[in-house]
Amino acid sequence: MSTKHGKKGDILLEMKDIRIDGFSDERWHKIIKGIDLTLHRGEVMGLIGESGAGKSTLGLASMGFTKPGCKITSGSVVFDGKDLVTASEDEKRSLWGTRIAYVAQSAAASFNPAHRLLNQTVEASLNQNLQSRDLAEADARDLYKQLQLPEPENIGDRYPHQVSGGQLQRMMTAMAMSPRPDLIIFDEPTTALDVTTQVEVLVAMRSIVEKFNTAALYITHDLAVVAQMADVIKVLRYGKEVEEADTRKMLKSPKEEYTKSLWSVRALEKAEAPSDDIILSINNVDAAYNGSLKVLHDVNIKIPRGRTVAVVGESGSGKSTTARVITGLLPPMVGNVEFNDGALPAELKDRTKDQLQRIQMIYQSADTAMNPRQTIAEIIGRPLEFYHGLSGLQKQERILELLKMIELDESFYDRFPSELSGGQKQRVCIARALAADPEIIICDEVTSALDQIVQEGILKLLLNLQKEYNITYLFITHDIAVVNAISDEIVVMYQGAVIEQGLKSEIMSPPHPEYTQLLLNSVPEMDPDWLTKLVKSR
Amino acid sequence: MHPILGTIIQRLLLGLVTLFFVSLIIFSSVEFLPGDFTQAILGQAATEDTVAAFRAELGLDKPAYIRYFDWIGAVAQGDLGYSFSGRSASGVDRSRAVVDLVAPRLGNTLFLAGMAAIVSVPLALVLGITAALYRNSFYDRSVNAVTLTTISFPEFFLAYLLILFFASLWPVFPSLANVNAETELIDRIYKCILPALTLTLVIVAHMMRMTRAAIINLLASPYIEMSQLKGLSKAKVIMRHALPNAWAPIATVIAFNLAYLVVGVVVVEVVFVYPGIGQLMVDAVTTRDIPVVQACALIFATTYILLNLTADIIGIVTNPRLLHPR
Amino acid sequence: MTDTPQAYSAAAEIGQIRERRTWIQIAKIELKKAPYSAWFGLIVIAIYLFVAIFAPLLAPHGEAEIFPASFAPWGGDFVFGTDQIGRDIFSRLIYGARNTIGIALATTLLSFAIGGSLGLIAAISGGWLDQLLSRFVDVLMAIPGLIFALMLLTIFGSSILSLIMIIAVLDSTRVFRLTRSVSVSVVVMDYVEAAKLRGEKLGWIMRREILPNIMPPLIAEFGLRFSFVFLTIAALSFLGLGIQPPTADWGSMVRDNASMIQFAKYDLTAALTPMIPAGAIALLTVAVNFVVDWFLHITSGLNDEH
């Protein structure tokens, strides 16, 4: 079967001065402000940018599609000689699913729960009568095999909720590939996956795109990922293009300041400093929710004063549960938590105000960590009032001081959280923790919801605060780059148990226990050959 | 055994438990009556003997829990007891069996409710689904405005408006729906048109709005967007991807509104003097005829519980996650 | 303005800025953008409230004053004529506003006091108390409200007090469910956990962290519940089981004058007499619904329904 309509190197997709508006808050906003894009047959272009850059909107626009509430105001999207902006719905539909396919971020939500996977895989092919059902299904099983799905002959008979997230994502690639499209739009396809799962999906996607010589737009915020997947990278910001270049060239010598800044968080690295002055230790802790399945098994962690201990692990490793045990939200079944040489009461309600004040917590999502109905001054002011009895002018001045410490000016004093950006919100959460005057702060994935540049700012702030006030951090994260940037010591957790704990230099250098090895190997590097080497080394 | 059967059985048992508690509540209503209510019913002239006989008939000399089981056992066999009316101080008992009062009227009520349901369910679904598909269009906005107004109207206002226009100013339909056992079907339908229309107006408004909300919610799912991006036509998107997931929300909407119909029927029957169970209950409340009130309440509550149970079970059997467990 | 130099600080200045955007300001801004339907609703509600409050001053005759002319026609001394025993319909309409709205309002407030506080307690405490309350409410809700009300009225009799109590208790089940579900979604928020970790008392958390965040849906629900309670009481009165004479009330006025509709062909005004109180009920519910719709729109922003 041949659906190739031209040869490699021809222009497949050409977008000219595309502009898209979106409707929210009762008015139209410009989302895409004039972008040109040229994609050749068989070429993979990475669209990279932070949240609000308009990369997903642009990706959908390359199909001539806009989400409800958005509209293309001007420009052209010429796919294989046809302008999709002016094309009729019928004309677009004849291309969608067959010549242009889409792979969404959330596979779990994008598969119809009511139909078997195989039926959904071949649906687009059958819809346009490209081939008979038997042939299409046989081909789909073959694709499953190439994508290394387990039981390729039978997995298609399952329903979406019956397979795992990583499998579902590969399944969606198979669905997109079934009619052998000329172009596939990958919209952050691995963002929701754990690193070790991500690698498998990346390998599968890349090999199949290469095999069928399919052109692709690969949308992501992760540089290292895009470096593996794309021939060309286009950097977007605020709905405009920053720069475009071949992947290797872009990685080696980015031209624009903005692009360089995207790289910089990876370069951040704290010089480790060993210490034996233990401020908090978790001793032989077992824990379970509601007395059911045990989620922590004999966890031992020692945290030295004034240092950062990073707890690394994938979802389900028990790292957040460990934080809940320390804070007293989840009393352990066995074991205890010692703080400054004294055992902490297991239950939150038995702890003294003094103990509570010394251990503070910062959350992953600053959005849900701040009461949307309180002003910044109220949010930061409450611990001052509660722990230190400050009020009136004294409190106000201390709030302004804290705002200065987190590098925000006093105009933030009376704002509401909704008026702040993601990074600013996280800074306010840091200020709230600082307001208590703590000895240790538990940081639960505090940077993972943030864009790279913002992450860097937050990490630097935390480092400075540590230097100045000798604060101890327990830093929970799944991101190895962040671990490098902030930690002195590392704890690796897997399925509720500690695999190892030690100085950063020790943990990061071989020999590794098996899981650590897998974890470290799975973290994409900025080297465009990383994935290729990894596959070869297997 | 398929695990879905377990879920259904569990749900049925839960329904039974609910029914048990509801019957308990309805039964205990008698307990709150003042102690001398037997005297009040029989009249001041009642002798001690007649009062005692009456109390014995009601079983007031027995403990409450025994009376409950006597009562519920009788109810299960179709015996709803005897009405309080028709009793006299002299001890002459002309009271009628509650079943004989309720049965023919229950038929009438079901006829009226059925008539309204047959018209309103399809109408509301069509209106709701089309409004959702053509969201924010002029059609959607006008249907919305009209239904928002209609649901704000008390049933009797709608009923009298209809009477004013179609029975009084332009007399094409009767304003009294006085049917009896001998009324022919055609005549029965003709007499029921205005009450059925009133109910339809109320139900359609509620149901259309709920259907619209449910469908809009469904259409916002990422898999619907995905099916559009696969190049499927609008009709295929709806038929193949939206519909299979729509049964549960639609069943809930229908059950909720039919339950609403059950209540709406009370006022409408009174307005049109229709001999249904709602009318009977209102009369019984006025005369404080407890056995009849209890019987009516039990019937209404059972219908209500059964409707919701049906919707739940439809939701269970159409849920792919339950149909095809891991 | 007499600022002493000592009291001046950046914070104080910022404090003034904050002063400038109180909720009154926000309300003014939103009102400017409000659609016609919302304005219509607000004006209608204002008029009803005015009439209800100043009823004795506005009504030309007494609430239960009986004149020799029964079923008097419209016009003259009696704007809308008199009823079957010779009471001025116009005056009774005005007093009816006070009674009907007042009773519905009292009922709704009581229902929120019961359902709201229990819902909040269930959401925060969780565990067996939550289970117990929720299951109890499930059972109560398994009996249709109007039917349950009829049954209870049989037992307790139709006094205004029992009417308020019965409807409030029955209606509080719905308030309970809503309060519980919105509170549960707030209780799981990190900022509530942060307050717990800080060591805050339960009362403080309820007052400062949870209540402000559940208020918008509860206020909207208050409007909807009020309409519902108002309609239920009207329906009961119409059935002759709600507010009892001689207290003027719209539902029973419809009932008392309903028979006049059949004279529409001969005297349209007579036929309209029962329609006026019915229309008055409908108009207020429409107005409240319009305002609630608008309120939901501005507080939820995107949400389309509910």
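**Note on the interfaces of chain C in a predicted model**

1. In this predicted model, a salt bridge joins Lys191(B) to Asp187(B), with 3.9 Å between the closest N and O atoms. Both residues belong to helix α8 of chain B, which covers residues 185-219, and they stand 4 residues apart, about one turn of the helix. Over all chains, the structure holds 46 salt bridges.

2. Turning to chain C and chain B, 45 residues of chain C are in contact with 45 residues of chain B. The two chains bury about 4000 Å² between them, and 79% of this area is on carbon and sulfur atoms. On the side of chain C, Met151(C), Thr154(C) and Ile155(C) lose the most area to chain B, together accounting for 15% of what that side buries.

3. How many salt bridges does the rule find across the interface of chain C and chain B? The count is 0, while 5 residue pairs, both members at pLDDT 80 or more, are found in polar contact across this interface. The elements of chain C that each give two or more residues to the side touching chain B are α6 (127-141), α7 (145-156), α10 (202-238), α12 (268-272) and α13 (275-300). The largest share, 10 residues, comes from α13(C). By class, the residues on this side of chain C divide into 33 nonpolar, 7 polar and 5 charged.

4. The contact between chain C and chain A takes 26 residues from chain C and 33 residues from chain A. About 2600 Å² is buried between these chains, of which carbon and sulfur atoms give 54%. Here the count is 3 salt bridges, and one of the salt bridges in the structure pairs Arg324(A) with Glu193(C), whose closest N and O atoms are 3.3 Å apart.

5. Polar contacts across the interface of chain C and chain A number 11 residue pairs, again with both residues at pLDDT 80 or more. On the side of chain C that touches chain A, two or more residues come from each of α1 (10-19), α9 (190-198) and α10 of chain C, and α9(C) gives the most, with 7 residues. This side of chain C has 12 nonpolar, 5 polar and 9 charged residues.

6. A further point concerns the surface of chain C, where Leu49(C), Phe50(C), Ile53(C), Phe54(C), Leu57(C) and Leu58(C) make a nonpolar patch of about 590 Å². Two or more residues of this patch come from each of α3 (36-53) and α4 (55-58) of chain C. The element giving the most to the patch is α3(C), with 3 residues, whereas Leu58(C) lies in helix α4 of chain C.

Terms used. Residues numbered from 1 in each chain as written. Chains lettered and ligands numbered in written order. Predicted model: local features only at pLDDT ≥ 70, side-chain atom pairs only at ≥ 80, totals over all residues. Heavy atoms only, no water. Contact = heavy atoms within 4.5 Å. Buried area = accessible area lost by both parts, 1.4 Å probe. Salt bridge = Lys/Arg side-chain N within 4 Å of Asp/Glu carboxyl O. Polar contact = N/O pair within 3.5 Å; in protein donor to acceptor, adjacent residues only side chain to side chain. Nonpolar A, V, L, I, M, F, W, Y, C, P; charged D, E, K, R; others polar. Patch = residues over 30% accessible without salt bridge, like charges linked within 9 Å, V, L, I, M, F, W, Y side chains within 5 Å. Areas by Shrake-Rupley, 256 points an atom, 1.4 Å probe, with all protein chains shown as cover.
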